[in-house]
Amino acid sequence: MKTGIILLGLILFIIIPETVQDGFQQQREQMVKRQLEARGIKDQATLDAMRKVERHKLVPEDMKKNAYRDGPLPIGGGQTISQPFMVAFMTEAIMPKPDMKVLEIGTGSGYQAAVLAEIVDEVYTIEIVEELARRVQGDLKDMGYNNIHFKVGDGYHGWEEHAPFDAIIVTAAPEEIPPRLVEQLKEGGRMVIPVGARGTVQNLQLIEKRANGKIRTRELMPVRFVPFTRD
Ligand code: SAH
């Protein structure tokens with residue numbers, strides 16, 4: 001009898017975490033199908049990365065069940081983890097390739113950095129809120145990412161030591177495009193950035209730096225990001 005109970009306990013101990021794990025995998029598959037493919041995300045590398053990254057590990061405990069929902073989520077301190085579609089859209093917009101070096105401004109939950117790290121060689125990410133940056137650095141290391149480099153500070157200045165970058169993704173909205181970021185973009189490189197006044201709907205812009213250094217700007221869609229703060 002006793003051995004029976006112990007055995008049953010052991011079986012449940014093994015099965016329950018497996019099922020929960022499978023549940024998240026299934027939710028990711030659905031997220032990719034319904035939120036991304038259905039809305040026109042086509043880049044295979046982006047879709048594969050979004051199928052893989054464990055978003056639920058980067059949200060607070062009480063948000064885990066909502067991790068794969070079609071929207072942004074609060075991650076504490078007034079900050080948010082972006083909507084999965086927005087992460088996919090911005091990732092696709094930079095046309096990510098394995099040999100690339102990408103800069104992200106606004107580490108936040110670390111989710112966008114993890115998605116990038118699945119695709120490109122090196123990810124450099126800057127977060128202005130120190131406590132958030134420290135926590136996320138630990139989370140991403142625990143998840144096995146060792147190609148993400150962290151910096152605490154104001155992303156307005158970019159990351160000169162590692163410039164130029166093949167692409168830059170900015171996930172907080174400044175009122176104007178920070179000029180240093182454009183400078184730190186490689187020729188042929190792309191930057192996506194939400195631009196707009198505080199409290200208004202912003203414009204997601206795609207900046208392309210041509211081989212001759214000329215800048216081309218396109219407006220992609222109206223968006224709502226948290227404000228780009230300054231030191
Ligand atoms: N990329 C994040 C989204 C984070 S929300 C994710 O995948 O979860 C935007 C983040 O930008 C916030 O954490 C905010 O603290 C940070 N931020 C705002 N202004 C910044 C600045 N000037 N430099 C660096 N980070 C900034």
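Let me begin with strand β2, which gives the most to the lining of the largest pocket, with 3 residues. Helices (H or I, at least four residues) and strands (E, at least two) are DSSP runs, numbered from the N terminus. A pocket here is an open set of points on a 1 Å grid over the protein atoms alone, with protein on both sides within 12 Å along at least five of seven lines, where a 1.4 Å probe fits, and lining residues have an atom within 4 Å of a point.

This is a predicted model, in which local features need pLDDT of at least 70 and side-chain atom pairs count only at pLDDT 80 or more, while totals for chains, interfaces and linings use all residues. Residues are numbered from 1 along each chain as its sequence is written, and side-chain values use heavy atoms, with hydrogens and water left out.

The largest pocket holds about 560 Å³ of space. Its lining has 34 residues, of which T80, T171, A172, F225 and V226 are the closest to the centre. Two or more lining residues come from each of β2, α3 (84–93), β3, α4 and β4. By class, the lining has 16 nonpolar, 14 polar and 4 charged residues, with Gly counted among the polar ones.

What takes up this space? The largest pocket is the space taken by the ligand. The shell around the ligand draws two or more residues from each of β2 (79–81), β3 (101–105), α4 (111–119) and β4 (122–127). Of the 26 residues around the ligand (a heavy atom within 4 Å), S109, E127, D154, G155 and T229 come nearest. The shell comprises 11 nonpolar, 12 polar and 3 charged residues.

I turn now to polar contacts, meaning pairs of N or O atoms within 3.5 Å. The side chain of S109 places an N or O atom 2.6 Å from an oxygen atom of the ligand. From Q112, a backbone N or O atom lies 3.0 Å from a ligand oxygen atom. A polar side-chain atom of T171 is 3.1 Å from a nitrogen atom of the ligand. The protein covers 99% of the 590 Å² of accessible area that the ligand has on its own, by the Shrake-Rupley method with a 1.4 Å probe.

Finally, the backbone. Most residues other than glycine have a negative phi, and most peptide bonds are trans. M95, not a glycine, has a positive phi of about 50 degrees, and M95 is found in the loop between α3 and β3. A cis peptide bond, with omega about 0 degrees, joins A163 and P164. P164 belongs to the loop between β5 (148–152) and β6 (165–170).

How values were computed: Polar contact = N/O pair within 3.5 Å; in protein donor to acceptor, adjacent residues only side chain to side chain. Sits in = over half its atoms within 2 Å of the grid points. Points joined across faces, edges and corners; volume = space filled by probe spheres on them.
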